[in-house]
Amino acid sequence: MSNCAIVGVNWGDEGKGRMVDLLTEDYDIVVRFQGGGNAGHTVINQYGKMALHLLPSGIFRLDVINILGNGVALDPENLWTEMQDVMDKKVKITPENLKISDRASILLPWHRDLDELEEKRLADKKYGSTKQGIAPFYSDKYQKKTVLAGELFYPDELKTHLLEIMEWKNMMLTGVYGAEPYTEEILDKWFHDYCEKIKPFICDTGLFLKNAQESGEKILFEAQLGSLRDLDYGIYPYTTSSNTTAAYAPIGSGLPSAKIDDIIGVVKAYSTCVGEGPFVCEMFGEEAEKLRKAGAEYGAKTGRPRRVGPIDIVATRYGAEVQDATEIALTKLDVLSYMDEIPVCTDYVVDGEKIQRFPFPTALSKAKPVIKYMKGWKQDISKVRCWEDLPAEAQNYVEYIEKSIGCPITYISVGPERDSIIIRKKGK
Ligand code: GDP
């Protein structure tokens, strides 16, 4: 089998973690290539239920090597806390099965402060940030105002570099926001408490991946969030601050020459969206509450109720296109089993005109959804394991989505557990 990327096609929370957890069986290496601890991948397996934020979802497979690539927002504080939580569940994490890129930039403590201070300043115009410091971190990375993980191996140079950045950062913290400045002592303690703990895991992951590729090992690239949150292709400015699309995987992983043969786009059988921004297909009231409850749609990181709606064909078709998805995993089909009729957002209307193409972000606020209803199946499908056993109405729903977005649906997930899956591939 060849290299593969598992990416989100919608607004995130599609169930990528459960797909990575399932498919890592066939891979040697799992790499996270972008994003940080601002999202959650929920995985349920023999160790129990766990929400991963920064650790790759291959961490539960003993023989899989997990990599945090140079494209991630390396938050040592969150990562170390998460590693301890996972190790508490008797999962082994060592420098052999977790490797952190020496070229990953470090999310520093003031990034989280600045995120919070800026959201507070924006008040009702806020972006709905998870306040994990991701946007200030990526701005600083591109301004070259943070430090690389590998600098931990050069303590003298690191100290000088950090103090220079701190001086600049304090001007912003105190001058713009009236906040407390950082001191060398605070930074020293933070580095001691968190960075020193993750230091044994830091190495030249680019070289590791190059060697692995040359010896024919199979690599799985794991994305965070989804197409519509991609900095360049999403609903800007309500995007995340990194590229969530598969095309970024080679750059953000440390293997710029990587060829990704298989791109599995994960699509949820209905829509959810966390935070602010346009969400054309949004449902409200009792209908929304029922779907939210049925799908347990509350943020893995923040516990915030997610906004919900029917599957949005316009957004999903676009999302699959920007991912260049070669196949689709449709998740949470079981959640729709309670519905008599299943709503589907087929088109948008903008200024009286029906459109099928996902519009420019500014036009989204004017877009209205066109909804059609399909017959529901009204029976428990969570134990179904093969396509033929799915009720005809469920098959129709899946086939309708497949045809509308123009990409084969090869996996259908009917429950959160590892084996609650229908595989529609020849030979499987
Ligand atoms: P991710 O960030 O894309 O990995 O998605 P999340 O972890 O935020 O959200 C997916 C949630 O749905 C998790 O709680 C999963 O355990 C759960 N889940 C995944 N697939 C299914 C499914 O097919 N059916 C049901 N009922 N739950 C699922």
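Lys 90 is found in the loop between α2 (76-88) and β7 (98-101) of this predicted model, where helices (H or I, at least four residues) and strands (E, at least two) are DSSP runs numbered from the N terminus. Phi of Lys 90 is near 70 degrees, a positive value in a residue other than glycine. Because the model is predicted, local features need pLDDT of at least 70 and side-chain atom pairs count only at pLDDT 80 or more, whereas totals for chains, interfaces and linings use all residues. Residues are numbered from 1 along each chain as its sequence is written, and side-chain values use heavy atoms, with hydrogens and water left out.

The shell around the ligand holds 17 residues, of which Lys 16, Gly 40, Thr 42, Asp 334 and Ser 413 come nearest; a residue is near a molecule if one of its heavy atoms lies within 4 Å of it. By class, three of the shell residues are nonpolar, seven polar and seven charged. In this division Ala, Val, Leu, Ile, Met, Phe, Trp, Tyr, Cys and Pro count as nonpolar, Asp, Glu, Lys and Arg as charged, and the others, Gly among them, as polar. At least two shell residues are supplied by each of α1 (16-23) and β3 (41-45), and the largest share, three residues, comes from α1.

A pocket is an open set of points on a 1 Å grid over the protein atoms alone, with protein on both sides within 12 Å along at least five of seven lines; a cavity is a set of points where a 1.4 Å probe fits but cannot get out, and lining residues have an atom within 4 Å of a point. The second largest pocket has a volume of about 610 Å³, and the elements that give two or more residues to its lining are α1, β3 and β4 (48-52). Its lining comprises 28 residues, with Thr 42, Gly 295, Arg 306, Lys 332 and Pro 416 nearest the centre. These residues divide into 10 nonpolar, nine polar and nine charged.

Key. Points joined across faces, edges and corners; volume = space filled by probe spheres on them.
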